[in-house]
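Thanks for coming. Please have the structure open.

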Amino acid sequence: MTETTQRRNSAPGTGKQDAGTAPQGRRGDGTAPPEVRGSTAIADTVVAKIAGMAAREIPEVHNLGGGMTRAFGAVRQRVPGGGTGVTQGVKVEVGERQAAVDLDVVVEYGAAIADTAADIRTNVINAVERMTGLEVVEVNIAVGDVHLPNEEDEGEGESEQESRRVA
């Protein structure tokens, strides 16, 4: 799924570099372009957050994550310092130049699932590639549930009950 590319240094004593490698700059050498003077590492969690936010931008997406994941996420959000759950339902693999994304999605009832998946895929690819420069090789989408209009979200019922008790 993830491809890594290795750079080869020039052959000893030839002074030539292999084709496809960038020139290696030395400290204080202003001849190397800035983009090859160092490296950038992007953590999996960064890509997962970007993908999670991009998927949630699609109106037909009700939530991300499977049933148990959403239940644990609801508990985690109630714990101070537990986080917001942006990466809930998102798994990523990040290589040096490529990334792969897996999403567990809950769609709204009535949405065309194939069209929604295509919209999610397009939005996630555009966001991750624009923000990280990584090539997204695949976005796998698993639709695990459909949110019905009369269903309460997990945790919403509890907050309504708590507000009634407090008020």
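β1, β2, β3 and α3 are among the elements that cover the buried residues of α1. This is a predicted model, where local features need pLDDT of at least 70 and side-chain atom pairs count only at pLDDT 80 or more, while totals for chains, interfaces and linings use all residues. Residues are numbered from 1 along each chain as its sequence is written, and side-chain values use heavy atoms, with hydrogens and water left out.

Helices (H or I, at least four residues) and strands (E, at least two) are DSSP runs, numbered from the N terminus. Buried means under 20% relative accessible area, with a 1.4 Å probe and protein chains only. In α1 the buried residues are Val47, Ala48, Ile50, Ala51, Gly52, Ala54 and Ala55. The helix has 13 residues and spans 18 Å from first C-alpha to last, close to the expected 18 Å; the expected span is 1.5 Å times one less than the number of residues.

Now the core. A nonpolar core is a set of buried Ala, Val, Leu, Ile, Met, Phe, Trp, Tyr and Cys residues joined through side-chain atoms within 4.5 Å. The largest one has 23 residues, and Val90, Val101, Leu103, Val105, Ile120, Val124 and Val128 touch the most other members. α1 gives the most to this core, six residues.

Valine 90 has leucine 103 as its bridge partner in β3.

Terms used
Two strands pair if DSSP finds at least two bridges between them. Buried means under 20% relative accessible area, exposed over 50%, partly exposed in between (1.4 Å probe, protein chains only). Contact means heavy atoms within 4.5 Å.
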